[in-house]
Amino acid sequence: VFEKFSKSFDNVLFIKIDVDKIEVRDIRSLPTFRFFYNGNKLNEIKGANEEKFEQVLNESLNRI
């Protein structure tokens with residue numbers, strides 16, 4: 001799902017981080033998706049719900 005959206009939204013940078021290789025603070029569940037703009041966190045969701053991911057992605061894009 002993540003990769004599908006990364007191909008659909010060519011104006012958004014999608015980054016995948018392997019938490020087994022890089023320590024990320026405040027990650028308590030996987031998957032966790034964070035949405036940033038200019039270094040500021042806009043949103044965060046936990047879990048692999050495709051509808052929720054798309055909803056929050058669109059909400060984040062509408063805020064910028």
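Leaving aside neighbours within four places in sequence, Asn43 touches Phe33, Arg34, Phe35, Val56, Glu59, Ser60 and Arg63. Keep in mind that this is a predicted model.

**Exercise 1.** Find the element that holds Asn43, and work out which side chain its own side chain meets in a polar contact.

*Solution.* Start with the element: Asn43 sits in strand S2. Now go through its contact list, which includes Ser60. The side chains of Asn43 and Ser60 make a polar contact at 2.9 Å. That counts as a polar contact because the cut-off for N or O atoms is 3.5 Å.

**Exercise 2.** Describe how S1 and S2 are joined, and say what sits between them.

*Solution.* First, place the strands: S1 covers residues 32-37 and S2 covers residues 40-46. Next, check the direction: they run antiparallel, with six bridges joining them. For one example, take Thr32, whose bridge partner in S2 is Lys46.

**Exercise 3.** Characterise the largest pocket: how much space lies in it, and what lines it?

*Solution.* Begin with volume: the largest pocket holds about 860 Å³ of space. Of its 25 lining residues, Phe2, Phe14, Ile15, Phe33 and Arg34 are the closest to the centre. Then sort the lining by type: 20 residues are nonpolar, three are polar and two are charged. Finally, ask who supplies them. S1 and helix H2 (50-63) each give at least two residues, and S1 gives the most, with six.

**Exercise 4.** Search the whole structure for aromatic pairs, then classify the one formed by Phe2 and Phe33.

*Solution.* The search turns up seven aromatic pairs. Now see where the partners come from: Phe2 belongs to helix H1 (residues 2-8) and Phe33 to strand S1. They are 31 residues apart, so this pair links distant parts of the chain. To tie things up, Phe33 is also one of the contacts of Asn43.

Technical notes:
Residues numbered from 1 in each chain as written. Predicted model: local features only at pLDDT ≥ 70, side-chain atom pairs only at ≥ 80, totals over all residues. Heavy atoms only, no water. Pairing = 2+ DSSP bridges. Helix = DSSP H or I, 4+ residues; strand = E, 2+ residues; numbered from the N terminus. 1 Å grid on protein atoms, 1.4 Å probe; cavity = no way out; pocket = protein on both sides within 12 Å on 5 of 7 lines; lining within 4 Å. Points joined across faces, edges and corners; volume = space filled by probe spheres on them. Nonpolar A, V, L, I, M, F, W, Y, C, P; charged D, E, K, R; others polar. Polar contact = N/O pair within 3.5 Å; in protein donor to acceptor, adjacent residues only side chain to side chain. Contact = heavy atoms within 4.5 Å. Phe/Tyr/Trp six-rings, centres within 6.5 Å; stacked < 30°, edge-to-face > 60°.
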